[in-house]
Amino acid sequence: MNMAGSIEEFVDELGGFAETAERTLSAIEKDQDGAKGMFSVFSDRMFAIKGTARQLGLPHVARIAELAEEIAVKGTHAGTRAVVRKCTGCLWDALTTIKVLLVNRDKETTEEQEILVNRMKKTLDALGGGRERVSTDDIAALLKNR
Amino acid sequence: MKQEDVRILVVDDVNSMRVQIKDMLRKAGFKNVHSVSTTQEAKRQLEIEKFDLVMSDWRIEPTDGLDLLKYIRIHPEQNKLTFIMVTAEDAKDLVIQAIKAGVDDYVVKPVSPVQIQAKVIEVLTKKGLI
């Protein structure tokens, strides 16, 4: 299958991912104390979108999905309803943007996307920042020194 | 063993990823590639067919790639099976967990056809399989 075909198929698959993610966010909004564990479902879907978008050469989609994944991880450990609300608000925007970007994947990065990315980065920083990442070289060193 | 005889099992829950990785492997000369979308299917497949290499994503259903790796490492007959994690998961603590569990190599997506070919050949050569 060529790249265009793979992207088409991925966009179709995303329909299911987005549906699950939307249901999850709605459930969390209805029960902010009891359902915050469901952020992990959202995080898993964003992780899948991130990996596939990277692989298919859609880095702008992958970047938003990665930030959304990290914010969802923070949401799982949220100590207050204010944090839960902050996370869900940000994640709705991220999900909406990812859907728009996939449908209009040939269009250039817009100012709105940059605003969203900056907002997500600020939210993530306010929640303590993302997890420590490793590069390919770091992984090679870790494997060598095992 | 000839490259075309190496039996590879690809595990990824995203169909477009499975198709891409299988395509890359076939173009690199690995003709015997099978793919599944869940760890449950992977475990079932491992019981009925012998593989030389498993290439698995991290976050898959119903458990995950790390669970699959651990399952293989304690399996009485499959514990030496070569395992490469192919994933977008690059959080340091998780990479370390996979290394501790006995992963043979760890590749972070996006992965190119050249990189896939090089990694698979490197790992299989190191294990004396090709």
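1. Buried here means under 20% relative accessible area, exposed over 50%, and partly exposed in between (1.4 Å probe, protein chains only). The model is predicted: local features need pLDDT of at least 70, side-chain atom pairs count only at pLDDT 80 or more, and totals for chains, interfaces and linings use all residues. Residues are numbered from 1 along each chain as its sequence is written, chains are lettered from A and ligands numbered from 1 in the order in which they are written, and side-chain values use heavy atoms, without hydrogens or water.

2. Helices (H or I, at least four residues) and strands (E, at least two) are DSSP runs, numbered from the N terminus. Helix α1 of chain B covers residues 15-27. Its 13 residues should span 18 Å at 1.5 Å a residue, and the end C-alpha atoms are 18 Å apart, which agrees; the expected span is 1.5 Å times one less than the number of residues. Among the buried residues of α1(B) are B:Met17, B:Ile21 and B:Leu25. Just after α1(B), B:Gly29 has a positive phi of about 100°.

3. In strand β4 (residues 82-87) of chain B, six of six residues are buried. B:Thr82, B:Ile84 and B:Val86 point one way, and B:Phe83, B:Met85 and B:Thr87 the other. In a regular strand the side chains alternate between the two faces of the sheet.

4. Strands pair if DSSP finds at least two bridges between them. β4(B) runs parallel to strand β3 (residues 53-56) of chain B, with four bridges, and parallel to strand β5 (residues 105-108) of chain B, also with four bridges. B:Ile84 stands opposite B:Met55 and opposite B:Asp105 in β5(B).
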